[in-house]
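Below are a few exercises, each with a solution worked step by step.

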Amino acid sequence: MLAGNRLTEGRQPGRPSRSLTEPRLVQWLLIGAAMLFLGFFLLVPLLLVFYKALAEGVATYWAAIREPMALAAVRLTLLTAAIAVPINLLFGLAAAWAVSKFRFRGKNLLVTLIDLPFAVSPVVSGMIYVLMFGAHGVLGPWLAAHDIKIIFAVPGIVLATMFVTAPLVARELIPLMQSQGNDEEEAALTLGASGWQTFRKVSLPKIRWGLLYGVVLCNARAMGEFGAVSVVSGHIRGLTTTLPLHVEILYNEYQFAAAFAVATLLTLLALVTLTLKSLIEWRTSR
Amino acid sequence: MNTLEERDAVPAVENRLPVPVAAVPPKNGGSRQRSLFSGGSVLPGFGLSLGFTLLYLTLIILIPLSTILLKTFDLTWAGFWATVSAPRALAAYRLSIGASFIGGAINAVFGLLVAWVLERYEFPGRRIIDALVDLPFALPTAVAGIALASIYAGNGWLGRWLEPIGIKVAYQPLGVVVALTFIGLPFVVRTVQPVLRDFDPEVEEAAASLGAGRWQTFRRVMLPELLPAVSTGFVLAFARALGEYGSVIFIAGNMPLRSEITPLLIMIKLEQFDYAGATAIALVFLAVSFALLFVINLLSWRRNRKLSASEGGD
């Protein structure tokens, strides 16, 4: 086992430093152990969702997906993401621009604050909006007097989703833009481009993959958020149930095939997200 | 056509540059940018971007979060203490922290193994498996929750083999550990992978030429270099698991004093309109989470300092 570098190199001249590795048997044992772990924790749940969804036949599957309550949940989920993702995209761009292009006091504090939603439990993220806008909340009486509903209504769901997904785009863009520096933007400005032109034609193309990456992650989280939305939703069927909440309701009613059928939609979303993520990583690493 | 624009733009740039670029020495380390002094850069949009960022942070994050403090003041000190130290609350903290810790520890060991296998060995399907590691980030937690609950229930795919040998997973504290292991799985893998990728092969060669076996090289030479990344990943997984709700509630059984996690207890108090009680427990829990965030930053700061120190020493 004390086979030194020279010895192995002599045997395999084509592979210089990488020949410094474990015996084949050890390699396969390690690969086997890792695959067993990933198999149990990732692959089995993934297969189970599709198996259970189709367990009672394709007809049941389609019925569960095309049922009016499920369609309402799809619509609400799409609406929530359609509001939360663009707003957080703007926020991410603004935050990354401010943090990476300028120097100011309290920048580290600002970056920590942007990350704050990640440190907060989803349940607490929803709770703070209940404390703010709920019937017994800070603004509750005023909202009730003006007949505005936020909690147990769509605005609450959108707000909670915005909170939870706020850091995702900013987090991708800040390190990327910091590493790129300001030189090209400064050159564009010196050549007479306006600030907006510089941003659109110089900065944006440089960060497009990072931006897409952040948007993909933000969208996946926005559509899949459960804890925070669960607190503010009130579970009014057909009105305030997003797809994950619809899955929960069906599961708790022992409609397992229907619950897993709707869950396949969210699982497909996750698989599309992972595929896009890998594609972007592959593109940017070239 | 361009001359007009140029004539407008150039003086404007100069106006914003009261100090010549070269006159200001670059501040110590960190950002490689050529920014000059607080705010002042030739680039436009500082006020707009920082203004929007601060406005959004304040409205969406800071003001709502501050209501936690506001609502806790509704309680007297005695009432606060009675709520946060009730046996049911203590049991919930213990389960949340204990299960998150075990889940993080499992991920520390297996995450290192998975990262090693993915970075060092070539085998069929490696790239797909590498992509699949992020599944717990991408899969909505409710879906993960019902899937894990079905797998480990008494009649489930794995539950039916485990229960006859006396291992009950679903609707037990062990189920909480399984869900929290799932949710924290990507963190250690993703923090260790880049360190392994950048590991200098000459160090391993040196160890081998000095007569060390592979295991010795790994344990004495590589592991110390990998441990900071493993511990960062562990803390990230632990912090994520502490607050996790969706994937746990389906498999946990949710029995008070036994398999009820802290976020669920907060949820139950909210559903009973006990806002003050919910916020008190949330506050204690947030304090723990922020302490963890601090530890994470401390770890990465120490790692960066160590890295820059070793670069400087070369």
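Of the 314 residues in chain B, 49% are buried, where buried means under 20% relative accessible area, exposed over 50% and partly exposed in between (1.4 Å probe, protein chains only). This is a predicted model, so local features need pLDDT of at least 70 and side-chain atom pairs pLDDT 80 or more, while totals for chains, interfaces and linings use all residues. Residues are numbered from 1 along each chain as its sequence is written, chains are lettered from A and ligands numbered from 1 in the order in which they are written, and side-chain values use heavy atoms, leaving out hydrogens and water.

**Exercise 1.** Work out how many helices and strands chain B has.

*Solution.* Start with the rule: helices (H or I, at least four residues) and strands (E, at least two) are DSSP runs, numbered from the N terminus. Applying that rule to chain B gives 14 helices and zero strands.

**Exercise 2.** Describe the interface of chain A and chain B.

*Solution.* Step one is contacts, meaning heavy atoms within 4.5 Å: 100 residues of chain A touch 101 residues of chain B. Step two is area. The buried area, i.e. the accessible area (1.4 Å probe) that two parts lose on being put together, summed over both, comes to about 9200 Å², with 76% from carbon and sulfur atoms. Step three is charge: two salt bridges cross the interface, each being a side-chain nitrogen of Lys or Arg within 4 Å of a carboxyl oxygen of Asp or Glu. Glu22(A) pairs with Arg214(B) in a salt bridge, 2.8 Å from N to O. Finally, ask who contributes: helix α2 (residues 24-54) of chain A gives the most to chain A's side, with 21 residues.

**Exercise 3.** Which residues does Glu204(B) meet in salt bridges?

*Solution.* Begin with Arg120(B), whose side chain meets that of Glu204(B) at 2.9 Å, N to O. Glu204(B) sits in helix α10 (residues 201-209) and Arg120(B) in helix α4 (residues 87-120) of chain B, so this pair ties together parts 84 residues apart in sequence. Glu204(B) is buried at 4% relative accessibility, and Arg120(B) is buried too, at 15%. Next comes Arg214(B), which bridges to Glu204(B) at 3.2 Å, N to O. Arg214(B) belongs to helix α11 (residues 214-243) of chain B, 10 residues from Glu204(B). Both Arg214(B) and Glu204(B) are buried.

**Exercise 4.** Is Ser125(A) buried or exposed?

*Solution.* Locate Ser125(A) in helix α6 (residues 122-133) of chain A. Its relative accessibility is 1%, so Ser125(A) counts as buried. Then list its neighbours, ignoring residues up to four places away in sequence: Val120(A), Phe163(A), Val164(A) and Ala228(A).
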